[in-house]
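Dear colleague,

Please read them with the model open beside you.

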Amino acid sequence: MKWARASVLSLGFLLLGLLVVPAMALLVAASPAELAQGVAHPLFGPSLWLSLRTTMLSLAIVVVCGTPLAWWLASAQGWPQRLADALVELPIVMPPAVVGIGLLETFGRSGLLGGPLELLGIQVAFATPAVILAQVTVSAPFYVQAAAAAFRRVDPDLLLVARTLGQSPVGAFARVAIPIAMPGLVSGGALAWARALGEFGATLLFAGSLPGTTQTMPLAIVLALESDVRAAIAISLVLAGAAVLLLLGLRLVAGLRPSDDATSRSKLS
Amino acid sequence: MKRLLRSLCPAVTMATALLATGACTVDSSERPLTVFAASSMTEVMQELALAFERERAGTRVRFNHAGSQVLRLQIERGAAADVFVSANREHAESLAGAGFADRVTPVAHNELVLVVPLENPAGLNTFADLVRADRIVIADPAVPAGQYTAALLSRAEEVMAESFGTRVLARVVSRENNVRLARAKVELGEADAAIIYRSDALSGARVRAIEIPLDVNVRAEYVAAVISDSSHHEQARAFVEFMLSVGGQAIFERHGFSAGVAS
């Protein structure tokens with residue numbers, strides 16, 4: 001059955017090739033001089049800085065709000081959880097442009113919350129908060145799902161033991177569940193961050209495109225494509241390179257985390 | 001292992017079938033005439049194609065719409081196009097210069113107008129009112145419409161008020177990749193005003209157009225070129241000629257474009 005194994009595996013490698021070859025082709029298409037030109041392009045600096053700032057902030061929001069949600073989703077299997085579980089996936093199945101229109105219909109001037117927000121003097125559309133809201137909406141499902149899956153693997157007995165040793169429910173969650181689930185949380189966070197960094201469709205509609213304010217790297221790349229393809233390729237390569245480095249770094253950190261039962265138990269004492 | 005293989009079988013068969021249908025080259029005589037046209041021409045091109053298909057029985061036309069620069073890139077990378085209709089002369093000329101396209105022919109003109117939402121929250125009635133708008137959306141200077149807008153604003157500086165252009169630019173909240181996106185922001189009521197092509201203002205149901213004075217306005221030129229290695233050379237040329245015919249020009253005018261032949 002060696003040949004069968006090999007032929008099945010070759011299907012997998014075919015897919016791997018499809019995932020990797022376009023990035024390699026980009027690399028081949030750009031010379032170092034062009035790369036330097038891309039980095040020096042006026043669109044490059046402001047959009048990189050904006051993308052970094054907004055994705056870090058949206059990741060923080062996703063983690064702070066997504067962790068309790070994921071814990072609730074994992075803690076029981078009643079109908080509210082099952083319904084919420086399905087609803088969390090909504091932004092994944094909707095085309096990003098549709099998410100963008102939905103956000104406009106919610107936070108826009110004529111949207112559901114537009115009137116009250118305007119009274120408070122808050123303008124969301126066409127401003128940096130719109131970029132962050134769009135990123136949070138499209139990226140949160142990836143984190144929440146990964147975190148819920150990680151929490152489901154936490155043995156409830158361990159939490160019980162922690163409670164008998166005098167931990168409050170929150171204490172048991174923070175000092176037992178979180179450390180055990182950490183690898184899942186980190187990889188979910190990395191996935192969410194990557195999705196936020198690449199976010200394009202919702203931002204384009206909801207936030208618009210103004211250098212330094214709402215023009216993130218993906219928007220700058222598509223705009224550069226309209227005038228200078230070489231610059232677009234160079235900016236894409238830098239974006240891809242930064243993403244790969246950060247994702248590899250996160251994987252490394254996640255891999256090194258002590259997450260076995262022994263260490264989490266020792267923390268209780 | 002066997003079970004895994006068996007369960008994979010339908011998937012593999014389907015994938016192979018998909019690949020086969022995709023890769024199977026369509027006989028070139030049956031392949032429709034493929035027109036790459038700027039996205040601002042989406043509606044007018046549909047109508048031109050219908051009229052052209054009626055005139056020449058058996059001919060079918062299909063479109064690929066995107067920004068002119070993206071279309072040019074696709075053609076340079078070997079996309080199978082027969083005709084290229086560009087929103088600016090430069091892209092078509094550069095294709096012709098590199099041997100990708102034949103002679104470049106102007107087919108229509110367009111002008112810029114101001115559009116406001118039907119509710120008109122900023123209460124704009126003339127082009128000069130534009131400085132009163134809070135949120136203005138324009139096309140980015142990287143795309144043809146944005147270059148025309150920049151030219152328009154600098155002419156407004158000369159003709160109208162010294163600071164007109166700067167004051168307008170200070171109120172710009174977004175510079176869009178294309179005119180349709182700029183129009184969408186007005187249609188959704190998020191922007192007070194946008195500067196877009198007259199043809200796009202006409203095809204948008206939820207916007208009101210405000211004319212821009214002739215001494216300020218600029219003329220956008222649309223050009224067409226037959227792609228050199230087209231397998232439908234004769235049909236492609238006929239389509240360009242059809243756009244220039246009385247019937248073709250009438251369709252352009254119905255959609256807010258003006259005559260292609262310099263008047």
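This is a predicted model: local features need pLDDT of at least 70, side-chain atom pairs count only at pLDDT 80 or more; totals for chains, interfaces and linings use all residues.

Residues are numbered from 1 along each chain as its sequence is written, chains are lettered from A and ligands numbered from 1 in the order in which they are written, and side-chain values use heavy atoms, with hydrogens and water left out.

Chain A has 14 helices and zero strands, where helices (H or I, at least four residues) and strands (E, at least two) are DSSP runs numbered from the N terminus. Along the principal axes, the C-alpha atoms of chain A fill a box of roughly 65 × 65 × 35 Å.

Turning to the interface of the two chains, 27 residues from chain A and 29 residues from chain B take part in the contact, contact meaning heavy atoms within 4.5 Å. About 2600 Å² is buried between chain A and chain B, 63% of it on carbon and sulfur atoms; buried area here is the accessible area (1.4 Å probe) that two parts lose on being put together, summed over both. On the chain A side, Arg109(A), Phe126(A) and Glu226(A) lose the most area to chain B, and together they account for 29% of what that side buries.

The rule finds one salt bridge across the interface of chain A and chain B, a salt bridge being a side-chain nitrogen of Lys or Arg within 4 Å of a carboxyl oxygen of Asp or Glu. Arg109(A) and Asp192(B) meet through their side chains in a salt bridge, at 2.6 Å from N to O. Seven residue pairs, both at pLDDT 80 or more, are in polar contact across the interface of chain A and chain B; this term stands for a pair of N or O atoms within 3.5 Å, where within protein one must be able to donate a hydrogen and the other to accept it, and residues adjacent in sequence count only if both atoms are side-chain atoms. Among the elements that each supply at least two residues of the side of chain A that touches chain B are helix 1 (2–29) and helix 12 (217–227) of chain A, and helix 12 of chain A gives the largest share, five residues.

Within chain B, the domain assignment (automatic or from a database) gives domain 1 (8–109 + 221–259) and domain 2 (110–219). The C-alpha centres of domain 1 and domain 2 of chain B lie 29 Å apart, and 15 residues of domain 1 of chain B are in contact with twelve residues of domain 2 of chain B. These two domains of chain B bury about 1100 Å² between them, with 46% of it on carbon and sulfur atoms. The count between domain 1 and domain 2 of chain B is one salt bridge, and Glu43(B) forms a salt bridge with Arg180(B), in which the closest N and O atoms are 2.9 Å apart. Five residue pairs (both at pLDDT 80 or more) are in polar contact across the interface of domain 1 and domain 2 of chain B.

With kind regards
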